[in-house]
Number of protein chains: 2
Amino acid sequence: MRFGHFDDERREYVIDRPDTPLPWINYLGTEAYFGIISNTAGGYSFYRDARLRRLTRYRYNNAPFDLGGRYLYLRDAASGEFWSPTWQPTQTELDEYECRHGLSYTQISSAYRDIKARVTYFVPLGETLEVWRLRLTNDRAAAAELSVFSSVEFCLWDAQDDATNFQRNFSTGQVEVVDGVIYHKTEYRERRDHFAYFACSEPLAGFDTSREAFLGPYRSWDRPIAVERGSSADSVAHGWQPHGSHHVRITLQPGETREIGFVLGYWENPKDAKFDPPGSQTVNKRTVRPVIERWLTQDAADLGFAQLRENWDTLLGGLQVETPDGDTNRMVNIWNAYQNMVTFNMSRSTSFYESGIGRGMGFRDSNQDLLGFVHMIPERARERILDIAATQLATGGAYHQYQPLTKRGNNDIGSGFNDDPLWLILGVAAYLKETGDVSILDAAVPYDNDPGSEQPLYDHLQRSLRYTLDRLGPHGLPLIGRADWNDCLNLNCFSDTPGEPFQTTENATGGVAESVFIAGQFVLAARELAAISSLVGKPGQEYLDAAEKMTGTIAEHGWDGAWFRRAYDFHGNVVGSASNDEGQIFIEPQGICVMGGVGVEDGTAARALASVRERLATPHGIILQQPAYSSYRLELGEISSYPPGYKENAGIFCHTNPWLMIAEAIVGNGDGAFDYYKRINPSAREAISEVHRCEPYVYAQMIAGRDAPTHGEAKNSWLTGTAAWNYAAITQWILGIRPSLTGLRISPAIPADWPGFTAVRRFRGATYRITVQRGDRSLTVDGAVADPDDVLPLAPAGATVEVILTIP
Amino acid sequence: MRFGHFDDERREYVIDRPDTPLPWINYLGTEAYFGIISNTAGGYSFYRDARLRRLTRYRYNNAPFDLGGRYLYLRDAASGEFWSPTWQPTQTELDEYECRHGLSYTQISSAYRDIKARVTYFVPLGETLEVWRLRLTNDRAAAAELSVFSSVEFCLWDAQDDATNFQRNFSTGQVEVVDGVIYHKTEYRERRDHFAYFACSEPLAGFDTSREAFLGPYRSWDRPIAVERGSSADSVAHGWQPHGSHHVRITLQPGETREIGFVLGYWENPKDAKFDPPGSQTVNKRTVRPVIERWLTQDAADLGFAQLRENWDTLLGGLQVETPDGDTNRMVNIWNAYQNMVTFNMSRSTSFYESGIGRGMGFRDSNQDLLGFVHMIPERARERILDIAATQLATGGAYHQYQPLTKRGNNDIGSGFNDDPLWLILGVAAYLKETGDVSILDAAVPYDNDPGSEQPLYDHLQRSLRYTLDRLGPHGLPLIGRADWNDCLNLNCFSDTPGEPFQTTENATGGVAESVFIAGQFVLAARELAAISSLVGKPGQEYLDAAEKMTGTIAEHGWDGAWFRRAYDFHGNVVGSASNDEGQIFIEPQGICVMGGVGVEDGTAARALASVRERLATPHGIILQQPAYSSYRLELGEISSYPPGYKENAGIFCHTNPWLMIAEAIVGNGDGAFDYYKRINPSAREAISEVHRCEPYVYAQMIAGRDAPTHGEAKNSWLTGTAAWNYAAITQWILGIRPSLTGLRISPAIPADWPGFTAVRRFRGATYRITVQRGDRSLTVDGAVADPDDVLPLAPAGATVEVILTIP
């Protein structure tokens with residue numbers, strides 16, 4: 001069952017009814033001012049940090065599930081009837097409803113009793129504000145006297161404090177209302193130099209800044225008393241809940257269309273110019289006023305909207321493909337790339353599942369997220385790499401998380417997730433392959449942000465590898481530490497106390513827990529570093545030797561007979577083996593070992609992949625492990641804390657699925673790779689939206705596995721490494737448009753029934769127009785025959801290169 | 001304007017309409033299982049720790065303001081109409097409505113279309129469960145076919161995690177439904193050995209354990225789809241939001257009355273007997289089933305309710321008074337004592353303003369809270385004192401807070417609030433005066449909970465005093481440290497960064513900030529310790545000498561000419577002086593210095609009190625300081641962060657008001673003392689409930705001062721030291737029934753127009769029947785003439801002593 005459809009032409013997903021299975025959201029903002037917005041206008045906004053600079057309040061997991069947002073109300077003076085043109089919060093049954101989620105904008109249209117309304121929400125480039133444009137059309141035969149009410153609820157900045165510290169916060173709220181602009185200035189009187197504002201393009205009939213005055217006591221947003229009454233209270237909030245609402249009265253003649261603009265924004269003043277006049281407690285509005293005035297105009301709004309769309313054209317222009325599969329095309333060309341950018345901007349901070357007050361940036365996450373956006377914004381990827389590397393420890397180890405505002409490692413979580421450092425090599429490799437910018441290897445980067453400790457980035461990569469080699473267990477496999485990629489496999493933590501962190505509550509010593517996953521990842525990373533070394537003329541043979549040695553170790557102790565084992569636990573017992581009663585086979589080592597090339601020659605790779613297909617693959621994607629753990633296992637930790645079929649306990653943890661797609665491509669099985677790709681492609685799952693439930697335009701972290709009563713139900717959409725990895729799998733491995741250190745390679749592993757595909761790829765400044773077709777194997781570049789196994793020749797910036805690859 | 005009335009006979013406050021200015025709440029539970037409940041059945045429950053063992057979910061600051069609770073729905077099968085007998089959540093306009101908040105129970109009655117309903121909520125003594133009794137009467141001429149639906153939303157135990165960590169929590173929820181009992185067992189499969197249950201006395205027509213199935217998508221509790229439809233979905237939650245709802249169908253004949261019981265509870269199993277059968281994942285219900293069955297019966301419920309009331313009779317029997325003032329009587333006899341017990345149970349954890357996930361127990365708070373409950377439960381006071389003292393540091397200093405579960409000092413907040421240690425002396429003094437139990441002074445108590453560091457409690461008291469003497473500033477006044485009683489006067493912290501804690505962000509050294517408040521408190525505490533020493537035959541002269549010396553220092557450097565100064569700041573500038581432009585006079589030093597006896601002889605006390613009356617007293621109570629700080633002062637800190645008139649910035653911070661009542665009593669001004677008492681007595685403010693807004697039966701922390709636009713509006717009711725201090729002021733100082741180390745003293749300072757009063761006071765096992773009357777000054781005890789300045793002779797346990805005090 002569908003709840004909408006894709007409009008590929010406009011790069012929009014069009015939702016046809018407001019009551020989607022879950023709120024289907026979108027993101028506003030691309031730089032510093034951000035927001036999430038649902039298909040019924042729910043959500044919130046923040047400046048840079050979703051916890052510390054929250055502009056508007058949002059209550060997660062409320063009932064209705066999605067309540068609170070960027071609301072407008074229309075009220076018909078003749079009847080007194082009022083409704084929301086975005087369905088929420090009044091839930092009036094609209095005669096027409098449509099939500100178009102576009103790239104960094106959302107447009108909700110509706111009709112009710114022949115009044116058409118369309119609201120467009122977006123954040124202009126370069127600004128710290130959001131524009132709402134309300135377009136009203138009177139389709140009646142008679143004039144319509146309407147009231148428009150706006151509504152936002154201000155958050156008192158620190159979202160965690162705002163939701164818990166009422167004994168203080170109910171006394172601190174302050175606002176100003178000047179020339180119809182509502183200024184929310186809580187704590188501006190003391191240490192803050194920033195405030196929020198909410199403005200309207202039209203003369204006001206009234207306003208409210210007190211939530212209770214606007215809603216009325218014991219009411220919610222579904223029937224605000226001001227709207228019911230048809231007039232604002234002109235309330236000024238003193239403490240309690242500062243709120244922003246404008247009231248505009250308009251008369252629309254038959255057939256008339258009018259636009260009303262609203263601007264909600266964030267502004268900072270210099271610390272020494274906070275007040276005007278100086279010495280007063282009145283907000284200095286001199287610098288913000290022109291900004292507000294500009295963005296209230298239709299011209300500015302139209303231009304800003306056009307520029308935003310243009311910017312996305314440019315970003316997405318990095319790669320556009322035309323394959324026989326529509327789901328592939330729209331995900332690669334639009335939605336997967338868009339999700340990659342959102343994930344870059346948000347990390348794991350703000351979604352419908354991430355409350356914005358949680359954890360910092362993951363060392364491991366950030367390196368993997370790179371894969372998805374490096375071709376669109378390589379300069380930001382460079383910056384991110386250097387930020388990440390600066391949090392690395394001198395041992396080569398890494399803080400598992402760092403704080404985006406301070407860019408420092410998070411001591412609470414600490415270090416010891418032993419796969420972390422290797423991801424830095426893979427992230428840097430991806431950057432180098434895309435850009436060829438080897439200068440980054442010479443960039444002086446400190447350890448643990450300690451001034452004076454700077455070493456070239458190349459040194460960081462060497463230490464990353466060394467970190468693994470310094471920590472090998474009794475089988476010669478890497479020690480796992482607190483966890484490897486699966487944060488939930490906690491082999492050195494034996495937690496029996498509720499609330500203890502599974503990863504960091506270490507209470508046993510002397511364990512020998514080893515990870516086959518890290519072993520495979522080491523082989524991959526060592527080979528990458530060897531290639532990088534070779535590129536810049538440094539010795540790399542030792543890395544190849546180490547990779548080969550580790551490959552042998554995997555063959556000896558990591559191979560179970562039909563698949564790669566997962567680990568050895570604290571006591572040296574195997575995990576992920578046919579000899580286990582549960583958790584016999586895990587997805588991760590099958591993916592990463594084959595990606596590292598392990599077993600590709602000797603056939604064990606193919607054997608492992610056959611086992612995955614046989615034991616882990618479901619129509620909804622590939623399960624993380626089987627059989628699910630039916631009870632909690634003290635020696636395994638969090639993985640077994642989930643009910644069977646959910647999350648890491650035999651859920652379809654989507655992040656890992658593309659590893660198997662890549663692995664299938666590596667062994668030359670294009671059909672198998674694409675089959676896996678289709679199973680979790682959200683667009684391909686659109687038709688079963690009542691099962692999948694999450695947005696059909698972005699990946700979710702998890703789909704419930706076959707052991708779950710809700711098999712096929714997705715959770716935690718948007719902010720997941722799934723986006724970057726699927727993008728890499730489809731573009732670089734299945735379509736085979738694969739950057740390498742020396743240039744772009746075209747090496748598809750497409751389904752047998754595809755006649756071919758075309759693509760346009762921007763690469764190191766040039767544009768490659770690529771055609772892949774069937775026939776005898778050959779390659780022509782700008783008409784000249786080339787070796788199909790070679791990389792494409794580099795072309796000057798601005799050049800266009802015509803590439804035709806023919807494959808059997 | 002009133003929203004209800006007191007029923008003194010039944011010890012209830014009766015609310016006549018559901019839409020009180022704010023939710024007016026009550027507390028359930030007295031031992032380990034607790035809840036808050038509003039007048040419309042909103043609120044939540046927890047076991048011991050409101051953060052870590054939250055049974056049901058609650059969203060603070062929601063809209064409607066109070067949404068989520070212990071809800072019941074009635075549905076008429078004939079019409080399909082449904083309503084809430086507690087008004088919320090359907091907000092159906094009821095024909096009759098009444099909420100009776102009693103002592104640890106709440107009873108909400110209503111009538112709608114001739115169906116009468118009464119719901120009684122309480123927690124039986126000794127149990128970890130709450131009982132709901134629904135009594136229905138059909139007043140119609142015809143039979144009524146009704147459905148009853150119950151509703152609670154389970155919290156996934158850790159309330160902070162539950163409200164933020166959705167990427168995990170939406171996958172972990174688990175329930176069982178067996179024999180009509182709903183078991184909420186999230187995380188029971190892993191490290192928890194506890195679960196919640198929700199049971200109903202009647203055969204079920206259906207049930208729901210999925211919130212979405214019960215409410216329906218995009219709905220709230222105001223119109224659950226199950227209720228609207230008239231049938232449950234028999235849903236079993238898998239992740240998302242576990243919920244509990246029973247559906248019962250009943251037919252009531254004309255005039256018939258029926259009762260239905262519900263039990264919501266918490267249960268722990270032994271770790272090795274969690275599952276039944278062992279090895280399964282099924283909750284072992286063997287031990288909990290008999291408990292559930294028992295409390296579903298009417299007999300058990302009736303008996304449990306009676307026992308609860310009896311228990312309160314016993315507790316309140318410690319002191320009952322009959323004065324000419326009804327507001328005084330009901331506060332002393334019922335509500336203030338009740339609030340004291342609630343504050344003892346909750347500390348500052350759980351109210352409508354304290355979200356239950358905040359801070360630990362305050363060292364200072366807990367010592368002061370003692371004043372309010374020591375006469376009711378002296379054995380718990382002893383335990384609390386020893387807990388508190390064990391967190392004291394070997395320096396004599398104190399952690400500012402400690403965690404109730406671990407009873408250890410909170411390192412995040414740390415130490416250095418230099419008034420803290422002196423409160424321990426005052427707390428112990430109160431305990432000794434009430435009980436005479438000098439054995440407590442010999443109790444071996446560690447420092448910082450460090451085994452081996454145990455010293456007699458008396459040693460702790462000595463070090464407390466020494467701590468102050470070791471930390472004197474240039475004027476010889478005590479250094480203030482991070483803050484003194486006013487946590488918001490931060491003289492050593494210069495914070496200009498939002499979000500920094502005002503108290504603990506120390507960023508300047510070498511300051512000399514001194515506190516006149518601590519000086520006064522030192523004099524008081526030193527004299528108390530001298531008296532204690534004298535009582536147990538230890539030398540105490542040095543304490544008297546130190547008190548005298550400090551008194552001289554106050555006279556020299558703490559006296560401003562017409563009042564006591566507040567402090568000297570980091571740079572040695574005076575705070576709370578006529579020479580300041582703002583903050584010229586503060587309430588705290590006026591109260592505490594006079595309480596310590598400073599200036600009582602030389603008339604400065606009376607002069608200071610006159611200044612308070614002139615400059616700080618308003619009809620709504622005494623303001624903390626004047627003039628309010630109009631802007632943020634870096635050198636003063638948090639106090640100036642509040643808008644003028646709120647909280648410590650010139651709000652009426654009620655905690656401090658009774659100090660002035662006591663001071664007035666000390667200087668013999670009974671009229672003045674009682675005048676102040678009446679101004680903030682919530683019962684006396686009942687008639688202006690539309691201004692006061694908080695509950696008229698309990699004290700609030702703060703009433704907005706005259707600089708605030710909402711002057712007279714109370715905030716943060718229930719959990720405040722205001723309760724204990726007002727109780728001490730009215731009972732010990734105005735009525736003058738004052739325990740001392742050697743016995744009970746009767747020394748009233750009552751209004752001139754009172755002919756007298758009577759009281760019954762339990763004291764050290766005996767009962768004193770006290771009559772105070774007008775006439776020539778005299779005292780008779782059991783008919784024998786005694787010296788009215790003496791303490792009453794101690795009487796054997798169980799004895800009744802008739803006391804008649806005659807005063808001019």
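The two copies here meet through the same surface, because 99% of the interface residues of chain A are also interface residues in chain B. Before I go on, please keep in mind that this is a predicted model.

So, the contact itself. Chain A puts in 77 residues and chain B puts in 76 residues. Between them, the two chains bury about 6400 Å², and 52% of that is on carbon and sulfur atoms. Which residues of chain A lose the most area to chain B? They are Arg189(A), Arg191(A) and Tyr218(A), which together make up 16% of what that side buries.

Next, the polar side of the contact. There are 56 residue pairs in polar contact between chain A and chain B, counting pairs with both residues at pLDDT 80 or more. The salt bridges across the interface number four. One example to look at on the screen is Glu212(A) with Arg693(B), whose side chains meet in a salt bridge at 3.0 Å, N to O.

Where does the surface of chain A that touches chain B come from? The elements that give two or more residues to it are two helices, α2 (166–169) and α3 (211–215), and two strands, β33 (700–703) and β34 (714–717). By residue type, that side of chain A divides into 27 nonpolar, 27 polar and 23 charged.

Now the symmetry. Chain A superposes on chain B by a rotation of 180°, with 0.0 Å of shift along the axis and an RMSD of 0.0 Å. That is the relation of a two-fold axis. Within chain A, the residue that comes closest to the rotation axis is Arg59(A), with its C-alpha at 4.0 Å.

A word on the layout of one chain. The domain assignment for chain A gives domain 1 (22–313), domain 2 (347–471), domain 3 (474–720) and domain 4 (737–807). Between domain 1 and domain 4 of chain A, the C-alpha centres lie 49 Å apart.

Last, some backbone details. As background, most peptide bonds are trans, and most residues other than glycine have a negative phi. In chain A, Gln88(A) and Pro89(A) are joined by a cis peptide bond, with omega about 0°. Pro89(A) sits in the loop between β8 (82–83) and β9 (96–101) of chain A. In chain B, a cis peptide bond joins Gln88(B) and Pro89(B), with omega again about 0°. As for phi, Ser347(B) is not a glycine, yet its phi is positive, at about 50°. Ser347(B) is in the loop between α7 (326–346) and β21 (361–362) of chain B.

How values were computed:
Residues numbered from 1 in each chain as written. Chains lettered and ligands numbered in written order. Predicted model: local features only at pLDDT ≥ 70, side-chain atom pairs only at ≥ 80, totals over all residues. Heavy atoms only, no water. Least-squares fit on C-alpha atoms with pLDDT ≥ 70 in both. Contact = heavy atoms within 4.5 Å. Buried area = accessible area lost by both parts, 1.4 Å probe. Polar contact = N/O pair within 3.5 Å; in protein donor to acceptor, adjacent residues only side chain to side chain. Helix = DSSP H or I, 4+ residues; strand = E, 2+ residues; numbered from the N terminus. Nonpolar A, V, L, I, M, F, W, Y, C, P; charged D, E, K, R; others polar. Domains from an automatic or database assignment.
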